Amino acid sequence: MEGPFGRCLCSPLFTFQVGPDKKEITVHSFALAELSKSLNALINGEMIEAKTRRVDWSDVDLDTFTRLCEFAYLRDYTPPSFRIIEGYSPTLKSTKKALKRAKKKKAFKHGSNASIWGEPEPEPEPEPEPEPIPASDPEPFPEEAPDPESSSEVVLSGGLELPYKERSLWTQHLRDAFIETRFGSAPESEDSNNNFAPPKNSGPWEDFTPVFIDQARLYVLADKYGIESLRQLILSKLHATLTSFKLYHTGVAGVIEFVRFVYSNTPPNHGNNVDALRNLVARYLVSVLGQIGDSEAFRKLLEEGGGFVMDAWSIMWSADTRH
């Protein structure tokens with residue numbers, strides 16, 4: 001068969017044993033071997049894996065491998081989904097609807113009761129109307145135009161997006177610089193990737209930790225096997241997601257966890273050799289200093305020291321010398 005897709009379909013099969021349970025997944029060898037020289041050597045080279053057409057990837061989780069295969073076949077991947085934080089109710093409107101449903105259910109139950117003698121039982125005295133759930137007082141917030149996506153109906157404590165506090169470190173400049181900087185790129189052969197619509201959070205009840213960390217896992221795998229096109233796509237999608245990400249008090253811990261994961265699983269920066277994902281997360285965290293600078297989670301991250309502190313300081317120092 002002619003063409004890349006035809007060669008892919010006709011290529012020998014190759015089995016990956018994925019995850020701690022070593023789940024066997026068989027794919028067309030051409031699809032993955034085309035991604036990089038390292039994968040081509042693994043699949044078609046002289047190593048024992050190429051001879052047996054089987055490799056142990058038990059250190060790679062199933063979701064990460066699935067996204068790798070999706071990229072191998074389609075030159076794109078589907079970002080992971082966010083989680084709902086347990087115990088958080090999105091809006092007051094949904095709470096009111098639930099109360100109305102409960103009220104109707106009670107009314108129907110009482111209206112259907114009758115005595116065995118065919119005469120209706122006396123109707124019970126009406127229960128007192130449930131008191132409305134008061135909205136918590138929001139934290140002080142600078143006056144600005146209302147956000148159409150903001151949750152004016154939120155009944156959570158601290159439900160508003162964290163207020164932005166300007167500092168003499170030109171934090172607004174750092175914020176703008178992150179948004180305007182280009183990180184990564186979509187494959188030129190796939191126009192659809194250029195229209196990527198990043199997932200957006202709409203309230204403090206949405207946990208975006210897996211959205212960030214699971215894509216970082218894919219980046220680490222792509223970096224290990226030299227899949228440059230996938231690395232660039234991940235950087236592009238993460239940057240787009242972080243640019244539109246609204247930082248609530250419930251999201252700070254997830255962002256800090258994301259930074260820790262990246263700095264624990266990527267090579268340290270040496271001179272001009274700067275890991276692209278480290279550069280992205282460091283610049284993002286610096287860009288939101290006006291929101292998290294006084295948070296306990298951020299202070300603990302600084303206390304740990306290490307590569308992040310050095311990278312963050314380098315970014316701030318370079319930016320500050322321009323003013």
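Tutor: Let's take helix H5 (residues 62-74) and helix H8 (residues 209-224), which pack at an angle of about 65° with their axes 9 Å apart. Helices here are DSSP runs of H or I with at least four residues, numbered from the N terminus, while strands are E runs of at least two. Axes are lines fitted to C-alpha atoms, for helices over the stretch in contact, and angles run from 0 to 180 degrees between N-to-C directions.

Before going on, please note that this is a predicted model, where local features need pLDDT of at least 70, side-chain atom pairs count only at pLDDT 80 or more, and totals for chains, interfaces and linings use all residues. Residues are numbered from 1 along each chain as its sequence is written, and side-chain values use heavy atoms, with hydrogens and water left out. The pLDDT is the predictor's confidence in each residue, from 0 to 100; its mean for the protein is 81, and 72% of the residues reach 70 or more.

On the H5 side, Thr64, Arg67 and Leu68 meet Asp214, Arg217, Leu218 and Leu221 of H8, where contact means heavy atoms within 4.5 Å. Sorted by class, this contact has three nonpolar, one polar and three charged residues. Ala, Val, Leu, Ile, Met, Phe, Trp, Tyr, Cys and Pro count as nonpolar, Asp, Glu, Lys and Arg as charged, and the others, Gly among them, as polar.

For another pair, look at H10 (residues 252-265) and H11 (residues 276-287), whose axes come within 10 Å and cross at roughly 150°.
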